[in-house]
Amino acid sequence: MTRHSLLATALLVSLSTIFHLPSPVAWGADNPSPEDRLFSLINQERAKAGVPTLTRSAKLDALAGEWAARMAEKNSQFHRELTKSLLNEHGWKNLSENIYGPVADGSPRAILQAWMGSDGHRGNLLRESSTLGGIGIARTKSGEVCAVFNGAQPKPPAPPEKESSPSASSGPSGYVSSSGGVFSLDSVPAGMRDSSVSLPSNADGRKLNRLNRTNQ
């Protein structure tokens, strides 16, 4: 090897040592992600409370992840508006949300402790009606952590439509009341058409989290 080749090799080794960049972290079964660890901790708390564990939902993961990223981008804490259209779009009966950060201590354990230390946030984590869950975690430019938990309950499947009896009177709308009178769908207030898609009550955390602006 020539003297120039030796110098070039030494320089390459030196530069690679100085400017070494760590490889991207590979999350998996042996090395769970922060989101996976937090979700597991939440299910451990549900098991302790005698509540069925949550099933991980890709839709809720995406929803929570998108909102955590938005908070991190704005370097601020604020809730998503939980709307009826959001519930209808994904087929959920109710939807709850916990937010955290931006703060420096964003370990899964710290996030869980903060939420479990607040009655409202703890209620969202342990809500028995919630059967699905999702987690989102993001960092601000300065490295602070933002986290979001979303829990949901799917809407029950719609009952099969009953065939109209030949003796029943029906109008153009096809809806027949128990008394035999006919009414049109347009005459029914929108809020009464399907009670299963109504917005969550205060007990489901819709208004509670809007009032709670702490980092918990």
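**Aromatic pairs, strands and a covered helix**

Trp115 is buried, and so is Phe149. The model is predicted.

User: What is the pattern of helices and strands along the protein chain?

Analyst: The secondary structure of this predicted model comes to seven helices and four strands. Read along the sequence, the pattern is α-α-β-α-α-β-α-α-β-β-α.

User: How many aromatic pairs does the structure hold, and is the pair of Trp67 and Phe78 stacked or edge-to-face?

Analyst: The structure holds two aromatic pairs. In the pair of Trp67 and Phe78, the ring centres are 5.4 Å apart and the planes stand at 75 degrees. Planes over 60 degrees apart count as edge-to-face. The count is therefore two, and the pair of Trp67 and Phe78 is edge-to-face.

User: Which parts of the chain does the pair of Trp67 and Phe78 tie together, and how many residues apart are they?

Analyst: Trp67 lies in helix H3, residues 58-74. Phe78 lies in the loop between H3 and helix H4 (84-90). The pair therefore ties together parts that are 11 residues apart in sequence.

User: Is Phe78 buried or partly exposed, and what of Trp67?

Analyst: Buried means under 20% relative accessible area. Phe78 has 21%, so Phe78 is partly exposed. Trp67 has 7% relative accessibility, so Trp67 counts as buried.

User: Is the pair of Trp115 and Phe149 stacked or tilted?

Analyst: The ring centres of Trp115 and Phe149 are 6.5 Å apart, and their planes are at 55 degrees. Planes under 30 degrees apart count as stacked and those over 60 as edge-to-face, the rest being tilted. The pair of Trp115 and Phe149 is therefore tilted.

User: Where in the chain do Trp115 and Phe149 lie, and how many residues apart are they?

Analyst: Trp115 is in helix H5 and Phe149 in strand S4. The pair links distant parts of the chain, 34 residues apart.

User: How many residues of H5 are buried, and which elements cover them?

Analyst: Helix H5, residues 108-116, is mostly covered, with seven of its nine residues buried. Among the buried residues are Pro108, Ile111, Leu112, Trp115 and Met116. Their cover includes helix H2 (34-48), strand S2 (92-103), helix H6 (119-125), strand S3 (132-139) and strand S4 (145-154).

User: Why is S2 described as largely enclosed, and how many residues of S4 are buried?

Analyst: S2 has 11 of its 12 residues buried, so the rest of the structure largely encloses S2. S4 is likewise largely enclosed, because the buried residues of S4 number eight of 10.

User: How many residues lie between S3 and S4 in their hairpin, and which residue in the turn has a positive phi?

Analyst: S3 and S4 pair in the antiparallel sense over eight bridges. One of the bridges has Gly134 with Asn150 of S4 as its partner. The hairpin has five residues between the strands, and the turn residue with a positive phi, about 95 degrees, is Gly143.

User: Which charged residue sits over the ring of Phe39, and at what distance from its centre?

Analyst: A charge sits over a ring if, for Arg, CZ is within 6 Å of the ring centre and within 35 degrees of the ring normal. The residue over Phe39 is Arg56, whose charged end is 4.9 Å from the ring centre.

Conventions:
Residues numbered from 1 in each chain as written. Predicted model: local features only at pLDDT ≥ 70, side-chain atom pairs only at ≥ 80, totals over all residues. Heavy atoms only, no water. Buried < 20%, exposed > 50% of the residue type's maximum accessible area, 1.4 Å probe, protein only. Helix = DSSP H or I, 4+ residues; strand = E, 2+ residues; numbered from the N terminus. Contact = heavy atoms within 4.5 Å. Pairing = 2+ DSSP bridges. Phe/Tyr/Trp six-rings, centres within 6.5 Å; stacked < 30°, edge-to-face > 60°.
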